[in-house]
Amino acid sequence: SDPEPAGGETAGSDTGESMAAEGGLSGELSGGGASSQEAAMNAWRAGFQQANPDATINYDPVGSGGGRTGFGDGSYAFAGSDAALDEEEMAAAEAQCGEGGVIQFPGYVSPIAIAFNLDGVDSLNMSPETIANVFLGEITTWNDEAIAADNPDAELPDTAITVVHRSDESGTTENFEEYLYTVAPDTWTEEPSGVWPVDGQESAQGTSGVIGAAQAGQGTITYADASQVADLGTVAVGVGSDFVSYSAEAAAEVVAQSPRVEGTGEYVYTIELQRDIEGTYPVVLVSYTLACGTYADEAQAELVKGFVSYIASEEGQEAAAAAAGSAPLSDTIRQAVQPGIDAIAAG
Amino acid sequence: MAQRIDVKDLNIYYGDFLAVQDVSMTVEPKSVTAFIGPSGCGKSTFLRTLNRMHEVIPGARVEGKVELEGVDLYGADVDPVAVRRTVGMVFQRPNPFPTMSIRDNVLAGVKLNNRRISKADAEDLVESSLRGANLWNEVKDRLEKPGSGLSGGQQQRLCIARAIAVKPQVLLMDEPCSALDPISTIAIEDLIGDLKQEYTIVIVTHNMQQAARVSDRTAFFNIAGTGKPGKLIEMDDTATIFSSPAEKSTEDYVSGRFG
Amino acid sequence: MAQRIDVKDLNIYYGDFLAVQDVSMTVEPKSVTAFIGPSGCGKSTFLRTLNRMHEVIPGARVEGKVELEGVDLYGADVDPVAVRRTVGMVFQRPNPFPTMSIRDNVLAGVKLNNRRISKADAEDLVESSLRGANLWNEVKDRLEKPGSGLSGGQQQRLCIARAIAVKPQVLLMDEPCSALDPISTIAIEDLIGDLKQEYTIVIVTHNMQQAARVSDRTAFFNIAGTGKPGKLIEMDDTATIFSSPAEKSTEDYVSGRFG
Amino acid sequence: MSITDSPPTVGSRAVRRRSSDRGFNRVFRWIAVGSGVLILAVLAAVALFLLWQAWPAITASPDELSAAVPRYPEDTSLIAYVGPLVFGTLLAAVLALGVATPLAMGVALFISHYAPRRIAQFLGYLVDLLAAVPSVIYGLWGFFVLAPAVVPVWEWLNQYLGWFPLFAGTPSPTGRVLATVGIVLAVMILPIITAVSREVFLQTPKLHEEAALALGATRWELVRTAVLPFGRSGVISAAMLGLGRALGETMAVLMILSPGYLYSFHILESAQQQTIAAYIALDFPESSGLAVNTLIATGLVLFVITLAVNMGARAIVARRKDFSGAN
Amino acid sequence: MTATTPHVPTAESTALVRARLSVVDTGRKRKDVTMTVLIWGAFLVAMAPLVSLLWTVTTNGLGRISMDFLTLSMRNVFGGDPNGGIYHAIVGTLIITGLAALISVPIGILTAIYLVEYGRGWLARSVTFFVDVMTGIPSIVAGLFAVALFTLIVGPEARFGFIGAVALSVLMIPVVVRSCEEMLKLVPNELREAAYALGVPKWLTVVKVVLRTSVAGLTTGVLLAVARVIGETAPLLVAVGVTDSINMNPFEGRMMTLPVFAYRQYSQGQAPCPGGESATCVPDIAIQNAWGAALTLIVIVLALNLVGRLVNRWFAPKLR
Ligand SMILES: Nc1ncnc2c1ncn2[C@@H]1O[C@H](COP(=O)(O)OP(=O)(O)OP(=O)(O)O)[C@@H](O)[C@H]1O
Ligand SMILES: Nc1ncnc2c1ncn2[C@@H]1O[C@H](COP(=O)(O)OP(=O)(O)OP(=O)(O)O)[C@@H](O)[C@H]1O
Ligand SMILES: [Mg+2]
Ligand SMILES: [Mg+2]
Ligand SMILES: O=P([O-])([O-])[O-]
């Protein structure tokens, strides 16, 4: 999908293909939250604004925590978060949203690539155990037996392994930790928290930071949103007996096959990821979209409804896939939350 | 216009330091009074109390009385700003406003006070003041040029023009020629001779010949040593001071035996 | 120690401006030579060319010759730094280094040359220099105090002590008393009388009585007007200059008819 | 002083008070005083805000804190938690100051006393301009250009001077370490220190310069005897200004440093230190509730450090007042 | 007065003097030369990173600069789309910085006037001291403070340009005070006295003589302060938020500024371009945008300085 050249405030031209039906919305809407969603959010905002030239959507990439807090205290009409709302936050959000309740669904699902910078090596296989040991700092050189065993054909140098992790608290980190905690429970014993648990390793701020740091040094390895890895080599992770490279489809698959968490609100769709389903790519980042069922203001309610519908739409998901390499939402989830979105109203 | 000044028992302090002690004198209108004395004896300090300019210096204060035509300048209902309009001052180093043209410098007293003045009146005032300061012919073609472009002597006359433009009644001059070359000095001395037709003039000078040339009456100040207060030793007609002073120290000073 | 200075056809410029024109003179060793003349006539400018201090001022330059005992100060193999050590200078406003104690002020010049002067030698030098400057008795108990805490006259004598501590052969003084009170002035004049036993001294003064009191020979400079160059009008024994000068303008000046 | 009883004359009327002037004088004075007071009020408000927001963290128990703040180790008091951050902040700032001050003094002297007069003014202008380069740009430059470039230098230092605690440890292969941050901070504060020092050096009284020259001082001796002593307190103020900027710098540190939370002098090794300002900016986005309060408590600590540094600088300058150039 | 016997230089006295005058004390000479070299060296070393920085920004940023880049916003531009521009961020930077200056300059200059013309006693001392302390407020704290302030006033959803301007003012005021104080001190006392002696009241003297004489210096001071805050990122991110569209109203809606834009673009990193690089999809467009914005920011600062120089030229006291 070719993005339109930008212009002044209303310069976005009216080529909003099938969104024409929704085309008459106007006003300004502001949300905020996870920076991981920023690229996808850019695509969604552009798509929506092209269909509704008088509308302006803003998204502050202040981080998931800021997004959840802001959503809870009413500073953001919608939010993006790398983690589902916990009980306390849910209570605050419900109080803020009123009777329409909270809408939450994994609007952005993206594979996390395990990327490395090693001259002459583009791709490597690693079992979960190996990955955990590498990131713990137990495996210290690239020609370690554990790596060599899974890569009989690769020529591995004896370069030292430098782990680069996120220095900021991050959803990517939390999802990656969760993956290691689930698939290598004996090796990776630290509970996932969003903060990297191993001391003394190299780190950098933000996805662009870790990628930049990994590119700057030889023998580095990191984890990052797959769309960002550029020319770094990537790891095919062991699932069952197989090694799977990252791809949007394989990531979509793991979400599609994982169950929904029970006992939450009607339109609160939280998933319980299953990291060991054969043929799927289990290292994924699941980032949620948050909205209210009720808004104080009619115009705002209409805008949120239109925008969140677009996020959940097939078209919106494809736009995000193109712009951010994310995995499109499954029909099951879409069908589960769409009624809630349709019901958004003022009240 | 010109008015008489009576000083009675004046002590001047900088903070706790008594700089000038117990001065009483009378300055006659339409005459030139010269203050002479060695450096540091308090001539400038005393001069500034005559128009309350010393109040600008933090910690400076006076005890005693200075009366202008019988009105105490330090009276409770007297505004120091008004005092300074009535008793003008010219300083040792010429200090025209560097951001103003020659014309604006002359009009500074009017314009800085936000007074409205018609264009014609302003022109008249500029011309008469510059003529009064013997400067008109030299600058009439470049009134719009910055005043700081003039030579030292011209600048000093510009400052005199600026001072008389606010129509003061007394004019105080603190070593007005000490930064000037001899030609300019002579020009200013001539000017002082003209100005005394209209103003009461007090001039501080280091140069005894100058005092002798321009003044009608001369006051001699002296100081006993560093840290001691300055005092008025004697005051008399200039001729008397220079030919037969009453005090030995005056005689020593005017005959060049010290200072 | 003292040495003779011969100046031949010296022109001094500030950029394009000719400040002093065509001066030739001889300064005799172990004597005091006074320069007098109205303000701006180039006394200071000329004085500074005698130890190349004018080179500090951007654009200042000379044409002509200044010879010390027959050696051209502006010769190619002469180091200006060495010239200034040989020909010392004292300025109009006393300028002790404010960050240094009295002792360090005296030693300032010496330490530049000889960092490793022994403690005893340093003590001796401090004492002899301060004695030479008639200051020892007043400061011997507070050598560690900052030099800026002294009175003006004491500061000036401290500067003289500092200058003679580097054992120059000539001492130039530019109005050394003009910022001082009469008592201090007399102290410095006495000091000059002592110093000439050892040094060649050149002093600039505004005060003709002072010139008459302290100097052996006097040079009179004059200027025709602002913007014109200063010139040496005449130079002779002081007695001659003050009693029967050859030039009319000298007579006018020394008799106080202008300046 | 009593009011005269002599009859009013022309003169007496002329010197009477004109109340409107006095009124304006007073109004203007109060506006000026008011601005000064307003500044004090703003600062008090900032301090109160910090205290108010930090209070929940200050009063919380270590258990509550470690539950709310992901990075917070168990059984650690707030002070023990903030300690390494304070250490890192000070170390980074001191490094920056140590590198920048001598260089800045050199540059300032160059402009004031060494450079050809014609180009000196232009250089001064150039340096002023560099004080205005935004810190994100320093961050970008440090991240993309400087950090990769200094890796071999740090490795060399580590290899040959590794016995010295600062250069010990394993040098980072990416160069994103405190030493690099120190250099970037030094580059950032260099123009500030230079600008102020240059002004002070230029103000050296001619009187004292000439005194030194007349004693036969070479140019360097002139600088040593007249310029440097006179400028000392100015240079100290300048350095403090630079220190303030270095202590509070956020973006450049955030983008360049690979942080750690230790008391460590190894400035060539990654994951050793972190500064307070960068820490706040780094963790603020994902924080909520007590975690935010904890962040602001560290902000309060930084504020107190700044206060202390300023008081210290003032004390130093005051102690030397006796011998100061301003008299 | 003694008549002096003429003294004629002898061969040896001349030689002695020549020796003394041409003496080159090698130790001191060498030291002088060493220090000269060191000081030149310090200058060159200090310039190296600065030149490298300017060079990096220029070479990386110049390619991105175009008419479109300067006149379009980023509205509806995403992914690897090489269209769009930074107009909205330029506007935001100018408005927010301008407002900050509008708040800080009067307060700062008046405080400087207070300190120079009136200040005495404990109040002046504490203002001086706390102004110094204020220069050390970390910028993010200023941002948080402004947000908290406006949350109290208008509620939690408050994010608009003016909040950012207030945050910047907290950072800017002390710089204005410090530099303007220095500039006012440079006005010679003689000029104040000249005005007082003409019977001009103090406040008019301050306004019409002191301020007028120091206009040039004050301009420089203010520009330095503007330059100090125009590059702020962290406080604006929390206080103003971000937008891709043009917003000219500082009291409603989010605004973008150049440093925040550069930072966000840097953070976005690579864009996926399924078909590889093409005319419609450039993978590293975000970082190119960041360098382009950085260059623009530097050029704006430069232009401001140039304006300052001109003001300086026009208003500086005329000496000749
Ligand atoms: N602002 C000031 N603060 C404190 N003391 C001062 C101040 N101005 C002058 N003094 C002191 O007051 C005394 C008188 O000084 P004043 O300047 O009036 O002397 P003067 O006779 O005018 O000298 P000169 O001929 O050098 O101008 C001196 O001891 C001087 O040190
Ligand atoms: N730094 C300078 N740059 C340009 N011109 C100067 C400089 N210093 C002095 N002059 C000019 O050189 C001429 C001589 O000045 P100089 O200071 O030598 O006179 P002087 O006789 O010492 O006067 P005074 O008695 O006032 O000290 C004057 O016209 C003066 O304006
Ligand atoms: Mg005086
Ligand atoms: Mg002179
Ligand atoms: O989305 P994150 O930047 O927190 O990984």
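**Contacts and disulfides**

Author: Across the interface of chain D and chain A, the rule finds one salt bridge. Please keep in mind that this is a predicted model.

Reader: Which side chains meet in the salt bridge of chain D and chain A?

Author: A salt bridge needs a side-chain nitrogen of Lys or Arg within 4 Å of a carboxyl oxygen of Asp or Glu. Here the N to O distance is 3.3 Å. The two side chains are those of Arg176(D) and Glu202(A).

Reader: How many residue pairs are in polar contact between chain D and chain A?

Author: The contact draws 19 residues from chain D and 27 residues from chain A. The area buried between chain D and chain A is about 1,800 Å², and carbon and sulfur atoms give 51% of that area. With both residues at pLDDT 80 or more, the count of residue pairs in polar contact is 10.

Reader: What area is buried between chain E and chain D?

Author: Chain E brings 73 residues to this contact, and chain D brings 75 residues. Carbon and sulfur atoms give 81% of the area buried between the two chains. That buried area is about 7,000 Å².

Reader: Which residue of chain D forms a salt bridge with Arg28(E)?

Author: Between chain E and chain D the count is one salt bridge. The closest N and O atoms of the pair are 2.6 Å apart, and the cut-off is 4 Å. The partner of Arg28(E) is Glu221(D).

Reader: How many disulfides does a search of the whole structure find?

Author: A disulfide requires two cysteine sulfur atoms within 2.5 Å. The sulfur atoms of Cys97(A) and Cys292(A) are 1.7 Å apart, and those of Cys273(E) and Cys281(E) are 1.9 Å apart. Over all chains, the number found is two.

Reader: How many residues apart are Cys97(A) and Cys292(A)?

Author: The link of Cys97(A) and Cys292(A) is left-handed, with -65° about the S-S bond. The pair joins distant parts of the chain, with Cys97(A) in helix H3 (residues 87–97) of chain A and Cys292(A) in strand E11 (residues 284–292) of chain A. Their separation is 195 residues.

Reader: Are Cys273(E) and Cys281(E) buried or exposed?

Author: The link of these two cysteines is left-handed, with -85° about the S-S bond. A residue counts as buried under 20% relative accessible area. Both Cys273(E) and Cys281(E) are buried.

Reader: Why does Cys177(C) count as buried?

Author: Cys177(C) is in no disulfide, and the nearest cysteine sulfur, that of Cys159(C), is 12 Å away. The limit for a buried residue is under 20%. Cys177(C) counts as buried because its relative accessibility is 7%.

Reader: Which element of chain E has the highest mean pLDDT?

Author: The mean pLDDT of chain E is 88, and 97% of its residues reach 70 or more. Among its elements, helix H1 (residues 11–21) of chain E has the lowest mean, 82. The highest mean, 95, belongs to helix H4 (residues 87–118) of chain E.

Technical notes. Residues are numbered from 1 along each chain as its sequence is written. Chains are lettered from A and ligands numbered from 1 in the order in which they are written. Side-chain values use heavy atoms; hydrogens and water are left out. Helices (H or I, at least four residues) and strands (E, at least two) are DSSP runs, numbered from the N terminus. Buried means under 20% relative accessible area, exposed over 50%, partly exposed in between (1.4 Å probe, protein chains only). pLDDT is the predictor's confidence in each residue, from 0 to 100. Contact means heavy atoms within 4.5 Å. Buried area is the accessible area (1.4 Å probe) that two parts lose on being put together, summed over both. A polar contact is a pair of N or O atoms within 3.5 Å; within protein, one must be able to donate a hydrogen and the other to accept it, and residues adjacent in sequence count only if both atoms are side-chain atoms.
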